[in-house]
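Here are a few exercises to work through with the model open in your viewer. Try each task yourself before you read its solution.

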Amino acid sequence: MLDDIWVDDSVFALRPDFAVLIMTAHGLRNGPTDDRSRAWLAAASELEVQADKIDAWKDAYRAFGAKPQRTRPSVDALTRRMPLPEINQVVDAYNTISVKHALPIGGEDLDRYAGPARLVRATGDEASEEALGTPEPGEVIWRDDTGVTCRRWNWRQVVRTRLTEETTNAIFLLERLEPMSLEELKEAGEELADLLSELSPEVRVASRLVSSGK
């Protein structure tokens with residue numbers, strides 16, 4: 001799927017500084033939170049919140065009509081949940097990197113996708129899980145052929161593609177706005193790949209950057 005994922009031009013028109021580092025990981029071994037991933041979470045929980053990066057996401061939400069005080073960007077919501085919650089080893093890994101870099105990261109089960117992921121402006125008639133509701137016209141959403149996979153850019157993902165302890169193939173979406181540099185985005189991806197390799201030495205990680213210039 002890696003080469004088929006795309007971002008609609010209407011999203012770049014909204015935020016020309018948007019870029020997403022797409023990572024796939026094949027051959028993962030996931031499991032419940034353990035002492036190693038617990039230590040990652042604890043270290044990240046001690047870091048100072050980088051408000052300038054989070055504020056950029058709040059502005060992006062306002063640009064398509066969302067109220068970030070009601071539906072918070074994922075990294076904003078995460079940094080308000082200190083100490084970080086224990087989910088499972090792979091989710092713990094990407095939540096650690098998310099907080100460290102104030103970077104929204106989505107992690108999903110690649111095998112539960114129907115067709116390629118794409119980031120688009122909603123028409124308002126996309127299929128979505130009942131708990132998330134139907135997206136509003138113009139809302140930024142991730143979707144596949146079945147329907148919505150994440151509402152309001154990175155606010156909340158559907159249950160269908162959620163990472164579980166049984167997940168063996170995953171996709172990670174590392175979403176950047178300025179003031180984060182593309183260099184830091186790359187570093188965050190490398191750090192995530194390192195943590196995944198600690199959990200699963202045989203994992204195969206690939207990545208691709210999508211930005212307005214590419």
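**Exercise 1.** Is the crossing of α2 and α5 left-handed or right-handed? Describe how these two helices pack, keeping in mind that this is a predicted model.

*Solution.* 
Step 1: Begin with the geometry. Helix α2 spans residues 35–45, and its axis comes within 9 Å of that of α5, crossing at roughly 20 degrees.
Step 2: Classify the angle. Angles under 35 degrees count as roughly parallel, so α2 and α5 are roughly parallel to each other.
Step 3: Find the hand, which for α2 and α5 is left-handed.
Step 4: List the residues that touch. From α2 come Ser37, Trp40, Leu41 and Ala44, and from α5 come Gln89, Asp92, Ala93, Asn95, Thr96 and Val99.
Step 5: Sort them by class: the contact of α2 with α5 has 5 nonpolar, 4 polar and 1 charged.

**Exercise 2.** Now turn to α5 and α6: at what angle do they pack, and how far apart are their axes?

*Solution.* 
Step 1: Locate the pair. Helix α5 covers residues 89–101 and helix α6 covers residues 182–199.
Step 2: Read off the geometry, an angle of about 155 degrees with the axes 10 Å apart.
Step 3: Apply the cut-off. Angles over 145 degrees count as roughly antiparallel, and α5 and α6 are therefore roughly antiparallel to each other.
Step 4: Look at the contact itself. On the α5 side are Gln89, Val90, Ala93, Tyr94, Ile97, Lys100 and His101, which meet Glu184, Ala188, Glu191, Leu192, Leu195, Leu196 and Leu199 of α6. By class, this contact of α5 with α6 holds 9 nonpolar, 2 polar and 3 charged residues.

**Exercise 3.** In what order do the 5 strands of the open sheet run, and which are the edge strands?

*Solution.* 
Step 1: Trace the order, β1-β4-β5-β6-β7, in a sheet whose pairing is mixed.
Step 2: Pick out the strands that pair on one side only: these edge strands are β1 (6–7) and β7 (156–157).
Step 3: Follow β1 to its partner. Strand β4 (residues 118–121) pairs with β1 in the parallel sense over 2 bridges.
Step 4: Zoom in on one residue pair, where Val7 stands opposite Leu119 in β4.

**Exercise 4.** Which residues does UniProt list for "domain: B3/B4 tRNA-binding", and how much of that span is helix and strand?

*Solution.* 
Step 1: Take the range from the record, an unreviewed UniProt entry, which gives residues 55–201.
Step 2: Characterise residues 55–201: the span is 31% helix and 18% strand, and its end C-alpha atoms lie 36 Å apart.

Conventions
Residues numbered from 1 in each chain as written. Predicted model: local features only at pLDDT ≥ 70, side-chain atom pairs only at ≥ 80, totals over all residues. Heavy atoms only, no water. Axes fitted to C-alpha atoms, helices over the stretch in contact; angles between N-to-C directions. Helix = DSSP H or I, 4+ residues; strand = E, 2+ residues; numbered from the N terminus. Parallel < 35°, antiparallel > 145°, perpendicular 65-115°, else oblique. Contact = heavy atoms within 4.5 Å. Nonpolar A, V, L, I, M, F, W, Y, C, P; charged D, E, K, R; others polar. UniProt positions renumbered as here; feature names shortened; annotations may be inferred. Pairing = 2+ DSSP bridges. Left-handed = near helix turned anticlockwise from the far one by under 90°.
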